[in-house]
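Hello,

Here is the structure we talked about. Please open it and follow along with the notes below.

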Amino acid sequence: MEPAAPGTIVTLKDVAAASGVSISTASRALDERMTSRSASAAHVRKIAEELGYRRNSFASNLRRGETRTLGVLVPRLSDTVMALMFEQLERAASDRGYFAMVATSGDDPDDERRAAETLLDRNVDGLILATARLDDDLPRHLRERGVAHALVLRTDGVSPSALGDDEVGGYLAVRHLIDLGHRDIAVVTGPSFTSTGIGRLAGARKALEGAGLKAREDWLMAAGYGIESGVAAAESLLASDTGQRPTAVFAANDNLAMGVIAAAHRLGITVGDDLALVGYNDIPLSSRLSIPLSSVRVPLDQIAGNAIDLIVNPGKEPRIRKSMPTLIPRQSSGPPRHSAPPVPHVS
């Protein structure tokens with residue numbers, strides 16, 4: 001059979017007519033969800049291929065009340081972690097027969113709401129938010145409207161969420177520094193409106209308390225998650241007029257850690273020698289810096305799979321799923337110049 005002329009749209013009706021079957025029979029034969037191996041179904045599929053028929057999955061899904069499309073909302077794609085997270089979400093969605101589309105909000109609640117409504121206007125089957133703030137009403141509104149959604153990387157403690165265990169990650173980072181012999185440890189954490197910032201700081205405090213070390217409140221600094229925030233925090237910590245400065249810093253993401261590195265360099269402080277440093281997320285650049293960065297690795301692929309599962313299988317427990325992080329030690333975290341004896345864990 002000759003294929004249709006270029007530019008001609010082959011319809012399901014055309015396939016049915018050429019196959020000598022009804023339109024409903026042709027539709028069932030060409031539905032990828034069906035597994036019929038009958039001679040009739042095989043004949044219809046062969047005719048459809050010869051004619052160059054392309055099934056309009058979007059239209060047929062709309063008729064069933066679904067689009068097999070998920071909307072993903074991130075603060076910004078210039079953030080490496082968010083870009084990597086979207087890639088993993090896209091892959092996990094594709095594995096389950098869904099298409100993921102992304103929108104950005106700049107971490108602004110108003111822009112977030114507008115972006116969410118835009119995605120919903122496109123009839124997405126669910127929303128995945130990497131933008132959740134603890135002061136944000138959007139997840140509550142989505143729950144009230146019955147919109148299928150999942151929070152990713154961050155949580156409000158109520159909506160379905162897929163994230164790393166931030167408290168465990170913060171603990172691992174600071175306990176690593178303590179085990180190296182550091183006592184004067186600072187923490188540069190994320191914004192207080194994020195569960196990540198709060199969780200990683202809580203883990204850091206737990207490690208300090210477990211070692212019998214008293215945290216210096218002026219060395220526990222909330223910041224943004226960008227490089228410039230790390231620069232500003234490090235300059236405050238490392239350029240102290242009192243002559244007292246930390247020998248180690250836990251930065252709650254790798255961008256902050258890179259800001260610390262830049263500030264330390266300007267001040268003539270060598271990371272890995274004069275100052276130990278641990279970051280978070282273990283982005284690909286971390287291992288390729290001139291002084292490779294110790295970092296807490298988060299399993300983004302596992303988090304993405306959990307997020308998609310929360311959308312595809314609503315009601316399945318647990319609704320808040322935490323994946324375990326792993327500490328990756330590298331050259332940036334060395335012992336203090338004058339090492340103190342190891343600090344035991346205090347239970």
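Which residue in S9 is the bridge partner of Ala248? It is Ala276. First, some ground rules. This is a predicted model, where local features need pLDDT of at least 70, side-chain atom pairs count only at pLDDT 80 or more, and totals for chains, interfaces and linings use all residues. Residues are numbered from 1 along each chain as its sequence is written, and side-chain values use heavy atoms, without hydrogens and water.

**The sheet**

Helices (H or I, at least four residues) and strands (E, at least two) are DSSP runs, numbered from the N terminus. Strands S8 (residues 248–251) and S9 (residues 276–281) pair in the parallel sense over 3 bridges. Pairing requires at least two DSSP bridges between two strands. The open sheet has 6 strands, in the order S7-S6-S8-S9-S10-S12, with mixed pairing. S7 (220–222) and S12 (326–328) stand at the edges with a single partner strand each, so one side of each has no neighbour in the sheet.

**Helix H3**

The buried residues of H3 are Ala41, Val44, Ile47, Ala48 and Leu51. Buried means under 20% relative accessible area, exposed over 50%, and partly exposed in between (1.4 Å probe, protein chains only). On the other side of H3, Ala39 and Glu49 are exposed. The buried residues pack against helix H1 (12–19) and helix H2 (23–30). Just after H3, Gly52 takes a positive phi of about 85 degrees.

**Ala116**

Ala116 sits in helix H6 (residues 109–121). Ala116 counts as buried because its relative accessibility is 1%. Beyond neighbours within four places in sequence, Ala116 is in contact (heavy atoms within 4.5 Å) with Leu73, Leu127 and Leu138.

Best wishes
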